[in-house]
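Let's take a friendly walk through this structure, one neighbourhood at a time. Keep the 3D view open as you read.

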Amino acid sequence: MPIFSLPSPYGIGTLGKEARRFADFLAEGGQSCWQLLPVGPTSYGDSPYQSFSSFAGNPYFIDLDALAEEGLLERQEFESLDWGENPEYVDYGRLYAARYPVLHKACDRLLAQGRPDFTAFCEEQKDWLEDYALFMALKGKHGGAPWSQWPRELRLRDPAALDRARAELAGEVDFWRGVQYLFFGQWRAFKAYANRLGLSIIGDLPIYASGDSADVWAGPDQFQLDEDGRPTEVAGCPPDGFSADGQLWGNPLFDWERMKEEGYAWWLRRIAFQFQLYDTLRIDHFRGFDAYYAIPYGENGAQNGRWRPGPGIDFFKAVNRTLGKKDIIAEDLGFLTPSVKKLLKEAGYPGMKVLELAFDSRDMDSGYLPHTYPAHCVVYTGTHDNDTIQGWLASARREDRDYAKAYLRLNSREGCHWGMMRSAWASPAGLAVIQFQDLLGLGSEARINTPSTLGDNWKWRTLPGTFDEKLSKRLYREMKVYQRLPKEKKPAFSSKKTK
C-alpha cells in the first residue's frame, strides 16, 4: 500500500492518522509487514522511481493535521483549499499548487521557534541535506528547470558560484531543510507506531538515481557523465513481458569502476540510510548488478541498447562486510540469465515470484507457478507494475485466463481475487505480499502503474472506511488457515537461507 494511496481530505495520503489506521488494520488482520513504494520527493511524471534525492522524504506525505496540532498551521490555512475533485485519485497539478504555500507557512513558524532539535537534525543529516536544500532552492530560482539547464558555473558546481547562491537563497535553503525536518519527524513517529504493533516496514530502493537529482548534481564523479555533466549512456531495459518495445528510463548510469576503487562508499551510504527508514529493503532491478542495459544518450527508444557488466558479487560482499547482514529482497523479475541466477544464489537474498506472470501458456517454465517455489522467496499476486488481479483476468489472453482458472480453482461467486491470493498464502514462499486493491477485488481503475506510459500512473487512492473490521477479520481467518500468523516480532524476511 503506497503512502499516497491512503485516504486524506488533502489530496494525497500522508503519514498521519490514516497511516496509523491502516497499520491497525494490518495488525488486526494477522499481518507481519507493510510494503511501501519509495517515499522520496517525486519529480516530473510523479514516479516514486524518479526522485530529486535518494535521501530526502516526499513533502506531500507530511500530514497537515499533525502540523496544526503542533501549532505550525492554522486549520483555515489548508482546510478550505482545493485539493482535487476526486478522492479516489491524486491530482498532482493541484497538489503542487496548494501544498508548498502551506508548507512555507509551517516552516516560517518552525524557523522562528529556533528549535534545538531542528539544529541537531540539520547537523546530523548535513552529508546529504545541504546539497539537497541548495539543489531545490536553485530549482525554484530557475523555474523548476533540471540542473542540466542551469548556468554552467552552477551546473558544474563552481565553489564561488555555490557560495553566492547559498547567500542569495538562504531563506529558501532554510525552507527545504525545514520540510525535511518535518517529514522525518513524522516518519519516525509512523514507523515506531507500526513497529509497536509488530509490523515490519518494507521499503523499496530504486537501483538508479534520477538524472535531475541532488545525487547526480552533487556527485557527478559517481556516474557516467561527459565533461559538461551530460550522460554518455542512460538506463532502461530491452523488450520483455512488461513492454514489447523495452523501456527507456533515462537515468544516468553508475561509474562502477570508480565506485569499486572507492569501496562503493556512495552506495554503502545510500543503503545504510535506507535501513534507518525501513526494517527490510527491496532492491529494485537486481539484475542490473550483474549486467545493466545501456542506451546511447539521445535515443528515443530502448531498442539500440547493449548489456554491460555490473559489479557482481563483489558489491554485495562489500555491503555485508561494511553494514553486516541486512534483510534485503531482490527484485529479480524479467529475463534472468544463468549469471543473474548465480549472483542471486551467492548473495543469498530471497527473490520474487509474481503470480500474474505464471500463466503464460506460451511459457510453461516461467518458475512462477506456486508449486515450484522454494521457501526462500517472496510471492506477490502482482506488483505496482502489474494490473490488479481482476484487471488482469479481464484483459489476459483467453488461454492464459483459462489456465489460471483451472490451476487456481477460481470461484467467481466470491471473486476470483480470493482464489489467487489463497494460492499465494498456501505456497511454500517464506513471505506473501498482496496489493491492497487486490484484497478489495478492484479492477484496472485501481492499477498503480503501467510501464512506459505517462499521465495516469501513481494516482489511485482508497476511500475512507475501506480497511474496516469485517475485512480485517476475514484476512485474519485466512492467515490462520494457511498458518501465516506472525509468531513473534521479527523482520519480515531473513536474508539467511531457510533451512
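Helices here are DSSP runs of H or I with at least four residues, numbered from the N terminus. The model you are looking at is predicted.

Start with Phe273, which is found in helix α11, spanning residues 265-277. Is Phe273 buried or exposed? Its relative accessible area is 5%, and buried means under 20%, so Phe273 is buried. Leaving aside residues up to four places away in sequence, Phe273 touches Phe55, Gln125, Trp128 and Phe184. Tyr193, by contrast, lies 20 Å from Phe273, C-alpha to C-alpha, and 80 residues from Phe273 in sequence.

Next, find the open sheet, where four strands follow the order β4-β3-β6-β7 with antiparallel pairing. Strands β4 (247-252) and β7 (306-309) stand at the edges; each has a single partner strand, so one side of each lacks a neighbour in the sheet. From one strand to the next, the twist averages 50°. Strand β6 (residues 291-296) is joined to β7 by four bridges, and Ala291 stands opposite Pro309 in β7.

Now for the charged side chains: the whole structure holds 33 salt bridges. One of them pairs Arg282 with Asp204, with the closest N and O atoms 3.2 Å apart. This pair links distant parts of the chain, since Arg282 sits in strand β5 and Asp204 in strand β2, 78 residues apart. Arg282 is buried at 3% relative accessibility, and Asp204 is buried at 2%.

Lys126 and Glu123 also form a salt bridge, at 2.8 Å between the closest N and O atoms. Here Lys126 is partly exposed at 40%, and Glu123 is partly exposed at 47%. Finally, look for the salt-bridge network that links Asp82, Glu85, Asp91 and Arg94.

Conventions: Residues numbered from 1 in each chain as written. Predicted model: local features only at pLDDT ≥ 70, side-chain atom pairs only at ≥ 80, totals over all residues. Heavy atoms only, no water. Helix = DSSP H or I, 4+ residues; strand = E, 2+ residues; numbered from the N terminus. Buried < 20%, exposed > 50% of the residue type's maximum accessible area, 1.4 Å probe, protein only. Contact = heavy atoms within 4.5 Å. Pairing = 2+ DSSP bridges. Axes fitted to C-alpha atoms, helices over the stretch in contact; angles between N-to-C directions. Salt bridge = Lys/Arg side-chain N within 4 Å of Asp/Glu carboxyl O.
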